[in-house]
Structure formats: C-alpha cells, structure tokens
Amino acid sequence: MHRKLTIAVEGCCHGQLDDIYRHLLQQQQRLRKTVDLLVICGDFQAVRNVTDLETMSCPNKYKQVGGFYRYYTGERKAPIPTVFVGGNHEASNHMRELYYGGWVAPNIYYMGASGVVKFGGLRIGGITGIFKDYDYAKGHCETPPFRGPGRASMHHVRSYEAFKMLQIRKPLDIVVSHDWPLFIERYGNTAELLRRKPFFADEINRGDLGSPANAMLLERLRPAWWFSAHMHVRFEAEVASHESIFAEGWNGIPPYSSKSSERMQDSVAGAEAPVAVANQDEIVMSALSDDEEDGSPVCEPPSRPRLALNLPPPKHSVAEEASAEPAVCEVAQAEPDLTSEPADATAVAASAEPSNDGVHEQEVLEAADPKIPGRPTRFLALDKCLPRRQFLEFIDIEVPDSAPGELPQLEYDDEWLAILRLCHPHMPLSELPFSLPAEARMSNVTPGIPLLPGAMLARELDWVRSNVFSGGDRMFIPPNFMPMAPTPPPGTPDSASFGLAGQGASIWNRGRGRGRGSGRGGHAQGHRQSDAEWVGPRPHVIYPNPQTDELCKLLGIEDKLTQRRYK
C-alpha cells in the first residue's frame, strides 16, 4: 500500500522565512495541495541575536537579523514541518551547538553537519556547507569565539562528514546539499545554464563547478532525488543508474591540504602531493566563495587541478524562466529495500590473535561490493527567495504507507545512529588531515570510496536497535526544542543590524546580483538597514544545547566539540 507525499523544495533561504512560508501557503491554496514537508537547501541563517550576526560569514554591511528569531521565541510557528542543511552564510555558532542535528525552532529541524532522518516513509540525507579544497581534509578545529578565518571555514565541508555519509548501506530517497555535485552540469541543459549564467563557463571548462565531495556521494549513494541551491539559478539534471559522474577517470578523493601544512597530503590514501599555488586567472564569484569580513585576513585558496572536459550534448531542456510559480512534479518511486543489506554490508572477520598493541587484525570486505541498489538520480537546484525567481517547487513522491492515517513525523534513522557510533572514535578536531581508520578498505566497485567493514556497522546497528529502538522499529525525534539564547525585543525589524552594518562599510545595501560586492544574506535590495545598537548584555557565543546532550547520552558517545563526557 502506497501514498503520495508532497515535498516543497526551497533554494537559498537567506533568512526570508516569512516570505517563503507565505508563498508556500499561497501555492498550496492555488494548486489545492497539502504540503507535507518543506526542504530548504542552505543559507538558512538561524540568527537569534547580535553575536550570531557577528559569527556569520559575510561582510558586516550585509548583515541583518532577519525574521528567524520570531520562530525561535515562539512568536510565530512554522506552518509546515521544515528540514534544512547549512550553507556558507550561517550563524556558525548556532549550528555548532547542534552539530548532530536538532530543532532550531518548533517544527524546524537542522540536519547537522551531516545526517539522515526519516519522514513518512522517506529516507532523507543531508550534508552542510560548501567545498573548499584547502579546508576539506581538516578536522573540526574551529573554537569560540569563531573570529577571523575560522568564521568562514566552519561552513566548509570536511572529509570526515563525507566519510560518514559513505558508510550508508541502505538506499536514500533524497539527499540535500547546498553546493552542487561536481560535473552535474553535464547531465542537464548546459547551454541553457550558460545562457543564464555565462560566467560559469570558466569553471565548467576547468572542471570545478561544484563539489567533488558531493559528486563522490552521488556516485556512491545514488538517491532518487538530489536537491541543492548556492548558485542562485534553477537547474535540473538526471544521472542514469548506469552512468558514472566520474566518466573521465576518477582516481578517488583528490589530494587536499591543511592550510598550515607545507606539503599537501592525501586525506584518504596518505600520498604526498605538491603544494598547490593560487590560480591568478580564477574568477572569484560571490556565491561560490566565502565573503570575508571587512578588514579580516583572507585565506587565498590553492587552485584545483585542471581537467580537460569534453562536455556531452545537452540531455535535458529547461523551460524558460517565466515566473516564480512553483512547478509541480510527480514521480512514482519504487519502495526502497530497507530490510536487506547490500553485499558490502557483510564482512568476514579475520581469524587471528590480537596483535601486540591489542588491536585485532582488520576485518575485510567480501569481493562483491555493489553500489546501493540503483535508481536514476534526479537533480534539482533552485534560486533564492526573491521576486521573479524560481526558488520553490512542489514534488509528489510515492512512498510505502506503513501506518495508514498517521500524520508523518520526523524519525531517527537506525543505520545513521549506528554510523555515528561507528565513526565517532575517529572524529578529527585539529587542522591535521583526517586519517582513515585502519579498518577501512577501498571499495572495489566505486574506486576511491573508503568503506568500513559491514560487520563493524552491523554490530553498532544491533546496539542501536537494542538500546535506542528497544520499543520497536521506529523512534520519533522528540520535540525537545528549548530556547537557550537571548533574542531582540518584540517588534525589532528584520533589517536590524545592531550597529554592525556601519562598521567599516556603508549601511546601504545596493545589491546588483551575484557579482562581487552584490547584495547577499537575504537583504531586500535598496533598503537601508537599521543600525540600532544591541540592548543589554552581549550574548554568549555558545549555549550548550540540551538536544545535543540528550542525543549523546542516548548513543553513549562523548560530545567532543564541548569536551563533555557521558559514561
């Protein structure tokens, strides 16, 4: 028995929650549909106060508090269950408080640095941030007060988060990211994309439009849908189940360096590579790069290796951008097999005595190592919430109806909780490159994909089912949101900057699109920002969040980012 869920997909939020919900409800009424879930693809900007604004990575002149704080205080409530991933313009301190995911407000759920949740029969994965090769291999090394380069690097995806996502063995229905997967432009109407965004041409020719980490995840996970934003343009594509997104020779995760290292080190294989130098010909575009604070030091990225791309002819056409009305798509989707494990989830333990250091010999993967049972992946990227932009679409997805008449709710995913336990001992917290666990083996089907033995994951999955899901095969995410940080007084306008807008820059926002110096952060173009100072004591940078505490206790793991232990 099946039913249809209507999913609304939003591109960049930029703090415009009121406008997004208003538009969504209008389209519900016009189309006579009921949206079950809203998915937001980053740049959410969950700003609560002046300290959150100070830790957000964008020039001061573009900072404003937005309307999120009203949802945080309960003055307003999200009318639709909402999930989101982070982008490169976020209140980084707030996101760090909920590293594993959690409620930022009633009915609004952040998926964490990486994560998987269930909703009404759908399995949804997400990864936060954008790709920067000079930060990719680092651990989560940033510490309060998150000033200078660390403010921007917190929004850069890390290889550890990609590694966790690669351990997923069961099919995903949806993956959400902010950055596009690398090379995805090949699988849609490239000519139409370049007509709308001609300055993408150099990056497409260089082979660096998008994230290689996301491309690696797409290659391995093959979800039915992949949603992204970041580029401020609508684009759709489709990767067939038999196609490889790395058709031009994929040799695994490319070498990325720690900025502080003199030599680049391969974050996966440990191979040495020469130091990359800055590409003087590279065009810097605002949506693809972090916006440095006025007067703050800027980290110059090394160039990525150039790839000679022979783009295939366009495979899909994209309709002319005629209006901001959301398109409605329907897809009949096969029920994912959530009961059987792919062959690579079964491992053979080596029969050997413990070595001198007390570590057993490594378990090895069986020879058979297929990809997750394949479906073609449909990719959809959307714009930001502005008039005459394509920023919102409705998609109908057919799912198995395991509980007829039950209102869909967010649920924990047992496999993901097992992966959190499995990978937790290897969580990197320094600038040194992330080292693969000794037990990891490269996939023999998807080159360069490191996998931990399935038997290790199976043991953690048994623990989760016995200790977390002991009451059955489902566990709803508890509605345990609790406001922790101070907020502005009621009636504070969305444009308030608490004096930040006037620090070293004009308080006038004269955005002119995506070019350097354009308006970003969701600000209404041409409107003067309020520069009233923050009233009262300065909020703390970090407020330890009970949701993180409860999840760590539930899983029996340490909250390493705040150095609290749970026995």
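**Aromatic rings and their neighbours**

Reader: Which residue lies over the face of Phe 183?

Author: Arg 186 does, at 4.1 Å from the ring centre. A charge counts as over a ring if NZ of Lys or CZ of Arg is within 6 Å of the ring centre and within 35 degrees of the ring normal.

Reader: And what lies over Trp 463?

Author: Arg 421, at 3.6 Å from the ring centre.

Reader: What sort of model is this?

Author: A predicted one, where local features need pLDDT of at least 70, side-chain atom pairs count only at pLDDT 80 or more, and totals for chains, interfaces and linings use all residues. Residues are numbered from 1 along each chain as its sequence is written, and side-chain values use heavy atoms, leaving out hydrogens and water.

Reader: Ok, ring pairs. How many aromatic pairs are there?

Author: The structure holds 17. Rings of Phe, Tyr and Trp (its six-membered ring) pair if their centres lie within 6.5 Å; planes under 30 degrees apart are stacked, over 60 edge-to-face, and the rest tilted.

Reader: Why is the pair Phe 68 and Tyr 72 tilted?

Author: Because their planes stand at 45 degrees, with the centres 6.0 Å apart. Both residues belong to helix α3 (residues 68–73), 4 residues apart, about one turn of the helix. Helices here are DSSP runs (H or I, at least four residues), numbered from the N terminus.

Reader: Is Phe 68 buried or exposed?

Author: Buried, at 1% relative accessibility; buried means under 20% relative accessible area (1.4 Å probe, protein chains only). Tyr 72 is buried too, at 3%.

Reader: Which cluster do ring pairs link?

Author: Phe 44, Phe 68, Tyr 72, Phe 84, Tyr 110 and Phe 481.

Definitions and conventions: Helices (H or I, at least four residues) and strands (E, at least two) are DSSP runs, numbered from the N terminus. Buried means under 20% relative accessible area, exposed over 50%, partly exposed in between (1.4 Å probe, protein chains only).
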